[in-house]
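Please look over the sequence and the structure before reading on.

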Amino acid sequence: MEVKTLKYTGTLIAVKNIEKSKQFYHDVLGLDVMADFGANVTLTGGVVLQTLETWQSFIHTNDVTLKSNAGELYFETEDMDVFYKHLESFDINYVHELHEHPWGQRVVRFYDLDGHIIEAAEKLDAVIARFVAQGLSPEETAVRMGIPLDFVVSSLSEAK
């Protein structure tokens, strides 16, 4: 028997208040509702919200830890400065505020209303463009970021 390949379609997270969570994901991250089935809501980008009670019934246990720090929802942005400024409009509980990794990518991590970690990171193409705009050559950018030169060159050619 041949096993059919599975297709990854999204990440489901349990939430205490689905209406407040829909609003949070819309206002903070710009995600829109694709399908709303009451206890289950699919947002753009493949994020699925499930009421905590329904999730507990699905997995046959009340033992659900919402704030575990064991994973995150990962998002990227072309303009980290604009996104970080946008976060100031909300009462955000930060894991850490804006931070630059050794390879130059800037990130911010924060919790959603139920303690799920959200990472918003600067797209690597944006990091490359920033370094080149600061005067680094493609070769220097590749060394600075620890990535292959062909990735840097490809990114720069796609940006034109």
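Predicted model: local features only at pLDDT ≥ 70, side-chain atom pairs only at ≥ 80, totals over all residues.

The buried residues of helix α3 pack against α1 (18-29), β5, β6, β7 and β8.

In α3, the buried residues are M80, F83, Y84 and L87. They cover an arc of only 100° around the axis, which puts them on the same side of α3. On the other side of α3, V82 and K85 are exposed.

The sheet under discussion is open and consists of 4 strands in the order β5-β8-β7-β6, with mixed pairing. β5 (72-77) and β6 stand at the edges with a single partner strand each, so one side of each has no neighbour in the sheet. On average, neighbouring strands of this sheet are turned by 15° against each other, direction ignored. Strands of a sheet pair through backbone hydrogen bonds, in either a parallel or an antiparallel way. β5 and strand β8 (residues 117-122) run parallel and are joined by 6 bridges. Within these strands, L73 stands opposite I118 in β8.

Two helices lie across strands of this sheet. α3 lies across β5, β6, β7 (106-111) and β8, and runs at about 25° to β7. Helix α4 (residues 124-133) lies across β6, β7 and β8, at about 40° to β8.

**Aromatic rings**

How many aromatic pairs does the count come to? It comes to 2 aromatic pairs. The rings of F24 and Y25 have centres 5.4 Å apart and planes at 75°, so this pair is edge-to-face. The rings of Y84 and Y94 have centres 6.4 Å apart and planes at 55°, so this pair is tilted.

| Residue | Relative accessibility | Class |
|---|---|---|
| F24 | 10% | buried |
| Y25 | 0% | buried |
| Y84 | 16% | buried |
| Y94 | 22% | partly exposed |

Y94 counts as partly exposed because its relative accessibility is 22%, and buried means under 20%.

Another ring has a charge over it: the charged end of K67 sits over the ring of Y111, 4.2 Å from its centre.

**Two hairpins**

Strand β2 (residues 33-36) pairs with strand β3 (residues 40-43) in the antiparallel sense over 3 bridges. A35 has T42 in β3 as its bridge partner. These two strands, β2 and β3, form a hairpin with 3 residues between them, and G38 in the turn has a positive phi of about 85°.

β3 is also joined to strand β4 (residues 47-51) by 3 bridges, and these two run antiparallel. Here the bridge partner of N40 is Q50 in β4. The hairpin of β3 and β4 has 3 residues between the strands, and G45 takes a positive phi near 85°.

Leaving out residues up to four places away in sequence, T141 touches I128, F131, V132, L136 and V152.

Terms used: Residues numbered from 1 in each chain as written. Heavy atoms only, no water. Phe/Tyr/Trp six-rings, centres within 6.5 Å; stacked < 30°, edge-to-face > 60°. Buried < 20%, exposed > 50% of the residue type's maximum accessible area, 1.4 Å probe, protein only. Lys NZ or Arg CZ within 6 Å of the ring centre and 35° of its normal. Pairing = 2+ DSSP bridges. Axes fitted to C-alpha atoms, helices over the stretch in contact; angles between N-to-C directions. Contact = heavy atoms within 4.5 Å. Arc of directions from axis to C-beta.
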